[in-house]
Amino acid sequence: MQHFTSRKDVTDIQALLKKAQSVSADPFQQTELGKNKTLGLIFFNSSLRTRLSTQKAAANLGMNCIVMNIGTDGWKLEFQDGTVMDQDKAEHAKDAIAVMGSYCDILGVRAFPGLKDRKIDYEEQILNSFIQYAGVPVVSLESSTLHPLQSFADLISIENHKKTEKPKVVLTWAPHPRALPQAVGNSFVEWMKETDYELVVTHPEGYELAEKFSDGVKVEYDQRKAFEGADFVYAKNWSSYSSYGQILSQDRSWVVDGAKMALTNDAHFMHCLPVRRNVVVADEVIDSPNSLVIQQAANRVVSAQTVLETLLEAL
Ligand code: AN0
Ligand code: CP
């Protein structure tokens with residue numbers, strides 16, 4: 001594995017899962033592996049879980065970790081080539097990224113989409129600039145279109161809690177007052193497609209995920225029908241891909257509540273967090289014993305540590 005930006009960077013998902021189980025059973029087997037190695041975590045956007053869990057994962061491997069909120073603390077970066085830089089951007093990304101790469105053995109980057117221009121967002125300009133100029137392995141801490149550390153943690157969580165070999169997993173859109181990226185949804189289906197689970201996605205019309213990721217995935221527009229017999233219900237809001245970045249529905253009837261969960265096969269509730277309570281999910285569901293949200297967040301350490309371990313072994 002050269003970089004970790006998508007499911008596609010993983011050659012053997014089963015082997016990665018096996019490694020995750022071993023990391024989970026004893027997080028302190030490899031405390032020397034990262035000795036004298038530096039991980040840089042570069043954030044263009046806010047984070048709680050990704051930042052803390054990846055720092056903790058690095059510490060468990062004996063790695064030094066440096067963090068920068070470049071969105072608030074850094075110089076404004078120019079990403080276009082050949083620009084006459086006489087406006088507000090003080091530094092070119094190719095210089096800044098090469099400098100960051102020179103300080104680090106692995107670089108993580110979080111860069112959300114602008115949600116204005118679909119072509120620009122889906123080209124992954126910032127992530128690809130890191131891959132191009134860093135000179136070291138790059139880990140996505142959530143890019144414009146994908147959130148692989150989250151999806152890997154979600155897969156680990158489902159594997160830990162599934163009661164049948166082929167559980168029914170439902171990804172449901174839920175309302176939200178702000179326009180959010182499609183990254184978590186895209187990434188979840190990208191990873192779930194690699195399993196033999198029964199995957200169903202449910203959302204109002206107009207919220208179809210990008211075909212690039214959702215190709216071949218079953219869509220059920222009737223949320224209640226989708227929930228029938230589900231073993232896992234994963235809730236997430238995303239803005240429209242077809243009417244790019246727009247909020248097409250604020251329909252509160254899409255909230256995940258106890259009445260809907262009663263249609264399932266005693267399903268576990270999942271969400272990547274942060275979550276708006278009683279907009280996306282009712283308190284009665286997220287506070288119930290069936291909720292996995294805290295375990296999912298805890299598995300972010302396992303996910304990050306497994307990925308860092310794999311990258312360190314390949315250095
Ligand atoms: C982000 C998103 O929807 O992509 C991060 C989720 C992990 N969520 C918000 O901005 C609320
Ligand atoms: N789930 C997740 O990535 O959370 P943060 O945005 O807080 O990092």
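This is a predicted model: local features need pLDDT of at least 70, side-chain atom pairs count only at pLDDT 80 or more; totals for chains, interfaces and linings use all residues.
Residues are numbered from 1 along each chain as its sequence is written, chains are lettered from A and ligands numbered from 1 in the order in which they are written, and side-chain values use heavy atoms, with hydrogens and water left out.

**Domains.** The domain assignment, which is automatic or from a database, gives domain 1 (7-146 + 300-314) and domain 2 (150-296). Their centres, taken over C-alpha atoms, are separated by 26 Å. Contact (heavy atoms within 4.5 Å) links 25 residues of domain 1 with 29 residues of domain 2.

**The sheet.** Helices (H or I, at least four residues) and strands (E, at least two) are DSSP runs numbered from the N terminus. An open sheet is formed by 4 strands in the order β2-β1-β5-β6, with parallel pairing. The edge strands, each pairing on one side only, are β2 (64-69) and β6 (138-140). Two strands pair if DSSP finds at least two bridges between them; β1 (residues 38-43) and β2 have 6 bridges in the parallel sense. One of these joins L39 to C65 in β2.

**Helices on the sheet.** Axes are lines fitted to C-alpha atoms, for helices over the stretch in contact, and angles run from 0 to 180 degrees between N-to-C directions. Helix α4 lies across β1, β2 and β5 (106-110), at about 135° to β5. Helix α13 (residues 293-314) touches β1, β5 and β6, and its direction makes about 145° with that of β5.

The table gives two packed pairs.

| Helices | Angle | Axes |
|---|---|---|
| α4 (residues 93-103) and α6 (residues 125-133) | roughly 60° | within 9 Å |
| α7 (residues 148-161) and α13 | about 115° | 8 Å apart |

The angle makes α4 oblique to α6; angles under 35 degrees count as roughly parallel, over 145 as roughly antiparallel, 65 to 115 as roughly perpendicular and the rest as oblique. The crossing of α4 and α6 is right-handed, meaning that the near helix is turned clockwise from the far one by less than a right angle. In α4, K94, I97, A98 and M100 meet S129, F130 and Y133 of α6. These contact residues divide into 5 nonpolar, 1 polar and 1 charged. Here Ala, Val, Leu, Ile, Met, Phe, Trp, Tyr, Cys and Pro count as nonpolar, Asp, Glu, Lys and Arg as charged, and the others, Gly among them, as polar.

The crossing of α7 and α13 is right-handed. The residues of the contact of α7 with α13 comprise 7 nonpolar, 9 polar and 2 charged.
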